[in-house]
Amino acid sequence: MEPSVEANGRIARISAHLFPPNLQMEDGSALRRADCRAKGGAPGFKVAILGAAGGIGQPLAMLMKMNPLVSVLHLYDVVNAPGVTADISHMDTGAVVRGFLGQPQLESALTGMDLLIIPAGVPRKPGMTRDDLFNINAGIVRTLCEGIAKACPKAIVNLISNPVNSTVPIAAEVFKKAGTYDPKRLLGVTTLDVVRANTFVAEVLGLDPREVDVPVVGGHAGVTILPLLSQVKPPCSFTKEETEYLTNRIQNGGTEVVEAKAGAGSATLSMAYAAVKFADACLRGLRGDAGVVECAFVASEVTELPFFATKVRLGRNGADEIYQLGPLNEYERVGLEKAKRELAASIQKGVSFIKK
Ligand SMILES: NC(=O)c1ccc[n+]([C@@H]2O[C@H](COP(=O)([O-])OP(=O)(O)OC[C@H]3O[C@@H](n4cnc5c(N)ncnc54)[C@H](O)[C@@H]3O)[C@@H](O)[C@H]2O)c1
């Protein structure tokens, strides 16, 4: 017969730790706000995933549980968080996993976190653009960011919820209203565009994708996704046909998956992989590693737009340095103008959502 929870204090502690909500907050064993750590140093970071029970959230939670830089992993969702938490918590890796379900537990989920990864929201269905998602996801991102401003304003935010071109400006406006905005700490995740670009370019060049580095700038939707094929490493050149094929495929990679899944959602597995690649880079930056560089959609002065994706150096404060675009060829200059027109409207849409 299994020992009862009452019969064994150790067992009681283990179950309290899995589903901590308020009880654990009250008995003082949970993370307190004083534990909030803006900078690295101590081994192990505290990471929360908001939207952890979703198509992206679940594989993302699994991969973050495998990340040796993570000491505590909070899994928050409005549905099914206990199930995902129980499942992930059985993995014999270092991170301690705790689950949080629904708005009343949002503050506990956020308190003390170093890094927040946000894939909460609805995904695209065939025929929908990322902008079609706007109204639902904009509201979700606003609510979550209001919670972040209160509970953990110094955490680094990795925003995945689409349309990223608008949700990042929304998050910025919410943080500004709350007086907690630090542009370095708010990063829109565009890593999937880079991951796709590396893969597709490697296919064309007949290389291992791990050897290929393609900067992808601009934003994270359609023509705003601008791969800089003239800056690919290792240095190489493409014919006009190859450039058009690659640019098109990279810009429409999301749609390729949405259509193939035929109503069952958008990219989740490759997105979880990309999110972990980016989150791991943020954690290495927080730890103080030198030379951590990734593309991200951030507040920027690289163009006349208030937000733009370029390579950024990730450090102890988030995006510690934002790199310029570098030399563009004629094809990329035309693409940049197109990207900026669409991006300007999407940014404005996000800002107006909060200011209206
Ligand atoms: N940045 C990118 O490159 C990229 C790539 C793919 C998808 N996405 C976006 O990521 C988001 C999630 O996609 P998915 O396929 O995982 O969707 P999904 O529907 O499978 O999962 C979303 C999860 O968010 C949860 N959720 C909804 N409202 C919430 C709230 N208020 N608080 C916390 N959780 C909440 C849902 O319960 C669900 O579990 C979508 O907006 C999608 O468009 C972004």
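**Core, ligand shell and a buried strand residue**

The model examined here is predicted. Leu 115 also belongs to the largest nonpolar core, which holds 104 residues. Within this core, Leu 75, Leu 115, Ala 171 and Ala 275 touch the most other members. Helix H11, residues 269-287, supplies the largest share of the core, 11 residues. The core draws at least three residues from each of domain 1 (5-188) and domain 2 (191-355). In soluble globular proteins, nonpolar side chains tend to be buried together.

The chain as a whole was then described. It contains 12 helices and 11 strands. Of its 356 residues, 47% are buried. Contacts between residues at least 6 apart in sequence were also examined. Among these, 70% join residues at least 24 apart.

The ligand is surrounded by 33 residues. The closest are Gly 51, Gly 54, Gly 55, Gly 121 and Asn 162. By type, the shell divides into 18 nonpolar, 13 polar and two charged residues. Helix H6, residues 134-151, gives the largest share of the shell, four residues.

The UniProt record, an unreviewed entry, lists four residues under "binding site": Arg 124, Arg 130, Asn 162 and Arg 196. Asn 162 is also among the residues closest to the ligand in the model. Arg 124 sits in the loop between strand S4 (115-118) and H6. Is Arg 124 buried or exposed? Burial requires 20 or more other C-beta atoms within 10 Å. Arg 124 has 21 such neighbours, so it counts as buried.

Leu 226 counts as buried because it has 25 C-beta neighbours inside 10 Å. Leaving out residues up to four places away in sequence, Leu 226 touches Val 216, Val 217, Gly 218, Glu 332, Gly 335, Leu 336 and Ala 339.

How values were computed. Residues numbered from 1 in each chain as written. Predicted model: local features only at pLDDT ≥ 70, side-chain atom pairs only at ≥ 80, totals over all residues. Near = placed C-beta within 6 Å. Helix = DSSP H or I, 4+ residues; strand = E, 2+ residues; numbered from the N terminus. Nonpolar A, V, L, I, M, F, W, Y, C, P; charged D, E, K, R; others polar. Buried ≥ 20, exposed ≤ 12 C-beta atoms within 10 Å, placed from the backbone. Contact = placed C-beta atoms within 7 Å. UniProt positions renumbered as here; feature names shortened; annotations may be inferred. Core = buried A, V, L, I, M, F, W, Y, C linked by C-beta atoms within 7 Å. Domains from an automatic or database assignment.
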